[in-house]
Every structure is written in structure tokens, then in C-alpha cells.
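Subject: Structure handover

Hi,

Here is the structure we talked about. Please open it and keep it beside this note while you read.

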Amino acid sequence: MKRGKRYQDCEKLIDRSKNYTVKEALELFEKMPKSKFDETLELHVKLGVDSKQADQQVRGTVVLPNGTGKTKRVLVFAKGDKAKEAQEAGADFVGAEELVPKIQNENWFEYDVIVATPDMMGVIGRLGKVLGPKGLMPNPKSGTVTMDVKKAITEIKSGKVEYRLDKTNIIHLGFGKLSFGTDKLLENYETIMDAIIKAKPAAAKGQYIKSIAITTTMGPGIYVG
């Protein structure tokens with residue numbers, strides 16, 4: 001695959017024979033030729049677990065101290081007082097059964113996260129085939145099925161991210177914008193890694209953290225350790 005000139009210029013700054021610290025890698029990204037937009041820093045952590053085993057799943061959420069640099073749009077499924085609470089907490093969209101045909105028939109996905117009160121899960125279950133593949137199904141483990149909708153919305157809006165294994169035992173997530181600068185990005189990085197380390201399954205044997213790579217949206221990756 002042929003890469004563009006900017007990518008190649010970025011690649012030239014990386015010493016592939018060197019093992020970078022996280023701080024060194026972040027400082028290096030700041031020195032690279034810039035793209036036309038504020039790139040996201042992405043973290044890719046390969047774990048020594050088997051995601052096919054139920055007792056070796058790694059999944060959770062963490063609120064980044066400096067946010068993600070992106071304001072997430074929140075859809076809340078709730079009724080009555082909880083719907084009112086969601087609106088007052090700053091939800092972008094609030095509704096119930098009437099939203100089902102809108103999502104199913106109109107392909108409506110103008111939101112990033114769905115929060116639901118437990119009593120609405122029967123309604124949302126009808127949307128499983130549509131929301132599941134997009135990673136939008138609310139889940140108690142990620143704090144998106146809850147009666148405390150105010151807390152859920154506040155955390156999401158302030159920089160809450162979810163981490164979970166993919167089929168190749170790697171966690172992928174963004175942890176801030178290049179414009180944040182090294183110190184804020186480093187703080188976000190350390191917060192995520194602390195959470196992932198604490199989430200180590202008891203059934204996991206051997207080396208837990210296999211490799212850590214950091215990339216920008218449009219740039220090359222750097223392995224850190």
C-alpha cells in the first residue's frame with residue numbers, strides 16, 4: 001500500500017530500532033508534519049488473554065481527566081421523570097417506543113452513545129440487530145443501562161470512554177486530540193492503562209500486556225514500553 005508524502009515524512013522521524021517511552025512517543029507526534037485537522041491519538045493494547053473465553057474478557061469504562069476532545073451525542077431511552085432528568089442533564093435526544101421505527105426505517109444514527117433505564121431494555125431489544133453491529137447497544141457493564149441517567153450523561157459528556165477486547169485480543173480506543181499537548185495526553189494514557197491493568201482477569205496466565213502502540217488518525221504507529 002503506497003502511503004502519502006506526509007505519512008512518509010512522519011515515518012522518517014521514527015527510529016524503529018528504538019523502544020520509546022510513552023512521553024517520548026507523544027513528543028515525537030507533536031514534531032511530525034501536521035494534517036489539515038486535529039488528529040486523534042489512538043491506543044492499541046494487545047493482551048495475553050483469550051477473548052473467546054468468558055472468564056478472560058476485559059471490558060470496562062473510564063473517565064479521562066482531560067476528556068477526549070470530542071463531545072459525544074447522547075440518546076436516552078426513558079419515560080416520565082427519568083426522561084425529564086435526561087433532558088435536564090443535557091441529553092441530545094430523549095424518547096421511548098416512538099424512536100424504534102425512526103431507527104429501524106429511517107436509518108437514524110445521529111448519536112454516539114445510547115443510555116437506557118432498565119425498564120426500556122425490552123424496547124431496545126427490538127433494535128438489537130441494528131444497534132449491535134454498530135456497537136450502540138446499551139450495556140450494564142459500560143454503565144449505559146442505569147436508573148442514574150444524570151450521572152451516565154454527565155460522565156459521557158465529560159470524557160468517559162469504554163474499552164473492550166476485539167476478536168484478536170486487542171483494545172483500541174482514542175484518548176485525546178493532538179492539540180492537547182504531551183502532558184494532558186500522558187495523563188489520559190496513564191488513566192486508561194491503570195484501568196486496563198486493574199481489569200486483568202484472574203484466569204489470565206503469563207504476560208498480560210503483550211504490546212502497546214500509539215498512532216494518530218492518519219499517521220504511523222509507534223510501539224512504546
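A crossing of two helices is called left-handed if the near helix is turned anticlockwise from the far one by less than a right angle, and right-handed if clockwise. By that rule, helix 2 passes helix 8 in a right-handed crossing. Keep in mind that this is a predicted model.

**The helix pair**

Two packed helices are described by the angle between their axes and the distance between the axes. Helix 2 covers residues 22–31, and helix 8 covers residues 182–198. Their packing angle is about 135°, and the axes lie 10 Å apart. Angles over 145 degrees would count as roughly antiparallel, and 65 to 115 as roughly perpendicular. Helix 2 and helix 8 are therefore oblique to each other.

Which residues make the contact? Helix 2 contributes Val-22, Lys-23, Leu-26, Glu-27 and Glu-30. Helix 8 contributes Thr-182, Leu-185, Leu-186 and Tyr-189. By class, the residues of this contact of helix 2 with helix 8 split into 5 nonpolar, 1 polar and 3 charged.

Strand 3 spans residues 74–77. Its parallel pairing with strand 5 runs over 4 bridges. On that side, Val-74 stands opposite Val-113 of strand 5, and Val-76 stands opposite Val-115 of strand 5. The parallel pairing of strand 3 with strand 4 has 3 bridges. There, Phe-77 has Gly-95 of strand 4 as its bridge partner.

**What covers strand 3**

Are the side residues of strand 3 buried or exposed? Val-74 and Val-76 on one side are buried, and so are Leu-75 and Phe-77 on the other.

To start, display helix 2 with helix 8, then turn to strand 3 and its bridges to strand 5 and strand 4.

Best wishes

Note on methods. Residues numbered from 1 in each chain as written. Predicted model: local features only at pLDDT ≥ 70, side-chain atom pairs only at ≥ 80, totals over all residues. Heavy atoms only, no water. Axes fitted to C-alpha atoms, helices over the stretch in contact; angles between N-to-C directions. Helix = DSSP H or I, 4+ residues; strand = E, 2+ residues; numbered from the N terminus. Parallel < 35°, antiparallel > 145°, perpendicular 65-115°, else oblique. Contact = heavy atoms within 4.5 Å. Nonpolar A, V, L, I, M, F, W, Y, C, P; charged D, E, K, R; others polar. Pairing = 2+ DSSP bridges. Buried < 20%, exposed > 50% of the residue type's maximum accessible area, 1.4 Å probe, protein only.
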